[in-house]
Each structure stands twice: as C-alpha cells, then as structure tokens.
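The following exercises concern the reading of a protein model at several levels, from overall composition to single residues.

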Amino acid sequence: MTENGTPIRARRVTPAARALALVSALAIAAADGPAPQPARAQERVTTGLPIIRDSEIEQLLRDYVTPILKAAGLAQQNIRVVILNDRGFNAFVMDGRHIFINAGALFDAKTPNEVIGVFAHETGHLAGGHLMKLRERLAEAQTQSIVAMLLGVGAIVAGARAGGSGGQIGSAAITAPQSIIQHSLLAYVRTQEDQADHAGVKFLTMTHQSASGMLTLFKRLASDTLYSGRYADPYLQTHPFPADRAATLEQLAKSSPYWDAKDPPALQLRHDMMRAKLSGFLERPETVLRRYPLSNTSLPARYARAISTYRHGDLRAAIALIDGLIQTEPNNPYFHELKGQALLEGGHSADAIAPLRRAVAVSHQAPLIEMLLAQALVATDRKTYADEAVGLLNSALRREPEAPGAYDQLAMAYGQKGDLAHADLASAQAAFARGDVKTARQLASRAKTRLPVGSPAWVRADDIVTVKMPSSNQH
Ligand SMILES: [Zn+2]
C-alpha cells in the first residue's frame, strides 16, 4: 500500500485536500452527493490528491462496484473507485469517471454491504447525470457568488466536522440575500439525494443485495451531523436532512425481497482484511494493538499487527509475523507483496526481489506489484536486473499510464542500461504525469535528438513536445 506511489508517511493535509474538503462539503450536508466544481478543473481530477494505491483493496472495491455499475448500465464507462487517505467519513463523485471514497469510510464500514450501499448511491448520481444538472443549475444562477456561497456552506460543515476551526469563515461567507438561493439549491440537491437513494436501492435489488448497509451508514452519518450540530448553520439544524432521509430510505429498503440477504463469508473476510490493512498502515501502533490485541489470533488481526510492526517496529519481528501469514495462505499474493515491501523499505532491496517475484506471479501480474518489484530491482543498482525492470515497468504502465513514480523508475532502469535517450523520454513522461509540462517538454526535446526520427519512442517524445499547454500552466 502506498500514497501516490510512495511509502505512506505521517498524514499531511495538502492544499488540494483542503480545497476538496470544502468543495465536497455541500455534499456532506446532504449526506454526500455531487460536489459542484469549476468546469475548468475537469481534465485530471485526481492530480494532487492524497490517493491510496493498493492492489488488494482496489481489487476488492472493483468486486463491490462492478455488479452495481452493470445493473446501472454503466459497465462500459470505465468508472474507477479512488481511495483518499482521509480519516473523515465521505464518499462522492466529482466527474463521470471516478467514485471517491475516503479510507475512513472504508474503515468505518463493518460489512461489504455498507460499502456496496455507498457505491450504489453514488452510482445513482452518475446514472442520473446529477453533476451535469447541478452544474447547469449553478450556471443559470450566474455562478460566481453562488459558488462562493456554497464554499461558505462547505466551510461551516467542514469546520463543524473538524471541531469548529473553519466555522467562522463559513458563517462570514453566508450573507442574508444569498440565503434564499442557498435554500433553493439545497432543496435541489436534496431532490438529487432522494433520487440517488432510490436508484441505489434499485441497483441493489437488481443484484440481489440488501440496502440495509446503506441505511446503517446513512443513519450513522445522521447521528454524526446531529453531534456536530451546535457548530452548524441554523438552517441545517432545523432541517436535519439525513435523519428524515433515513426514514424514507428505511421504508424503501425494507420493501426489497433481499432485505435479509447477507454478504458471503469469503467476501466478509476480504473486507475484514482490508480494514486490518488500513489500520496497520494508517493508525498508531497503540491503536492497532487496542483494536487487534494479541489475544485475537484471527487472520485479520495477525495481518494488522504484522503491518504495524513493519511500519513502526522491528523489521525482523515483522518478517517473522509475515512469514506466519504466508504459511497460513501460501498463495495469497498480498502477503508476499507485504514481505517484499517491508524488506525494500527496510533497505534490503536484493532480499525483496524473491517475495515480490512470487507476488507478481500469484497476483497474475498486478501492475502495482510489478512496479514494486521493478523498484526493488532498480534499487539494487545491478545492471543485470535493468532489462527485467524495464519490461515490468512497461507492462505496468500500459495499464497504469498516469503513475509518475513508475516513469521515474523506468528512467533509472534505462540509465543503468546506459540508454540515455529512453531515460530522457521516461523522465519527460514522469514530469508530464506530474503536470510539469515545461520540464516534460525540455526533456522530451532532448530525447528527440538522441532517438531515431520516426521511431515509436521519438513519436512519444514528439507528442509531449507538441502538446497544448493547459492555460493554468502558461507563463
Ligand atoms: Zn448523494
């Protein structure tokens, strides 16, 4: 598990994450929902966000969401679930291609059905084209002041949830004349929320799943809102959306013939493993031990403790715990991956290679694990490994073309081979993936002078040199 391809460090709040919290907050007020967003920021909404990447969790979430997308007729849209490294409870959509969910929401969900319920609701927004409709609404109302006002509402809610620190800013942003527009927009968003609930229950029923998890989560959210109510705008206090929405949803959910349907035990175990992994990677060792005390010898508890030990403690002790997990499930690719990651981050790159090769094989070439193996090979600085690393990285990048860290590794691997032209091209691609178009162009221009004119690599370099610069980067 990594954050944007690098080892997860202490939680940092980036300006982008803060802005996102504000923009998505109207959503929270109505128990999530679509976040209004300036149209210009659409190209690559994920840039700059603290994104958790993990093969095991991503595969599980794909397994959760795929049947729902299919039921909604959206299976062909290539919609991806993106996990944000944020402890707060939230899930939302900002464009037509991603469903965002916070690690906190995944951790809070006790069953697969709860997460699947959230995905069903978000898919309801996507299927209903709600983002487009909301943007039209905002455009109609000649937006600038309204967007500012919405951000004000967001600041109140976000501030209330963060303990009130942002409350004052939010209050200041809402002035009396705007309140009428505000109420009408909130009412409009509320309608979209009801529609997303209805659609969500429909998709769950179509896939023979219960909406009880969705209900549980929204109820939990309603009590959170109540708890933070003393900081909130009086309008929000007198109109407790989530509570009465929960009542409508409850009636709807219980009318389904699948109300009593349960998650398959194997899926529940994978879910518990995900929560254990999130705890091990993101929580302090004391917290991990409190949740998963030594007396708990279940696989998830052993997983959480093994991860926490490698993250905060003794590498040798961690490897012993991970070897114990491997002994229990020799073909679990993520145990081998964990062993490799622990050794690599502990500075034992050569020792990491064997477990990571095994992980790549049993995961059927999961691209993120291929990248990790390549990283270990490159870190040994042995020329004999460079070709294998190049092959792995090119294979992984075909499926994950926006991973800047993998292009960096590719540049190093080509450098170890003495192939400076391809090293320049890979560095250019890394800069481009990070949004640094200026550096990308300089490196790509240099790569072009070293590559045979018209070769595939030359064409890729030329694409970067001639790409139109986004207006925000022009200076
Ligand atoms: Zn919603």
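The exercises below begin with the whole protein and end with individual positions.

The model is predicted: local features need pLDDT of at least 70, side-chain atom pairs count only at pLDDT 80 or more, and totals for chains, interfaces and linings use all residues. Residues are numbered from 1 along each chain as its sequence is written, and side-chain values use heavy atoms, with hydrogens and water left out.

**Exercise 1. Overall composition**

Task: State how many helices and strands the protein has, and what percentage of its residues count as buried.

Solution. Step one concerns secondary structure. The protein has 24 helices and five strands; helices (H or I, at least four residues) and strands (E, at least two) are DSSP runs, numbered from the N terminus.

Step two concerns burial. Buried means under 20% relative accessible area, exposed over 50%, and partly exposed in between (1.4 Å probe, protein chains only). On this scale, 53% of the 475 residues are buried.

Step three concerns surface and contacts. Contact means heavy atoms within 4.5 Å. Among contacts between residues at least 6 apart in sequence, 66% join residues at least 24 apart.

**Exercise 2. The largest pocket**

Task: Give the volume of the largest pocket, and state which helix supplies the largest share of its lining.

Solution. On a 1 Å grid over the protein atoms alone, a cavity is a set of points where a 1.4 Å probe fits but cannot get out, and a pocket is an open set with protein on both sides within 12 Å along at least five of seven lines; lining residues have an atom within 4 Å of a point. Grid points are joined across faces, edges and corners, and a volume is the space filled by probe spheres set on the points.

Step two gives the volume. The largest pocket has about 1,200 Å³. Its lining comprises 42 residues, of which Asn4, Arg53, Glu402, Ala403 and Pro404 are the closest to its centre.

Step three assigns the lining to elements. Those that each supply at least two residues include strand S2 (51–53), strand S3 (80–84) and helix H17 (333–345). The largest share, six residues, comes from H21.

Step four sorts the lining by class. Ala, Val, Leu, Ile, Met, Phe, Trp, Tyr, Cys and Pro count as nonpolar, Asp, Glu, Lys and Arg as charged, and the others, Gly among them, as polar. The lining has 16 nonpolar, 14 polar and twelve charged residues.

**Exercise 3. Residues within helices**

Task: Decide whether Met274 is buried or exposed, and which residues it contacts beyond four places in sequence.

Solution. Step one places Met274 in helix H13. Step two reads its accessibility: Met274 counts as buried because its relative accessibility is 1%. Step three lists its contacts, which, leaving aside neighbours within four places in sequence, are with Ile57, Leu60, Leu61 and Leu106. The C-alpha atoms of Met274 and Asp54 are separated by 10.0 Å, although the two residues are 220 residues apart along the chain.

**Exercise 4. Positive phi angles**

Task: For His208, find the value of phi and the place of the residue.

Solution. Step one reads the angle: His208 is not a glycine, yet has a positive phi of about 60 degrees. Step two locates His208 in the loop between helix H9 (176–206) and helix H10 (212–227).
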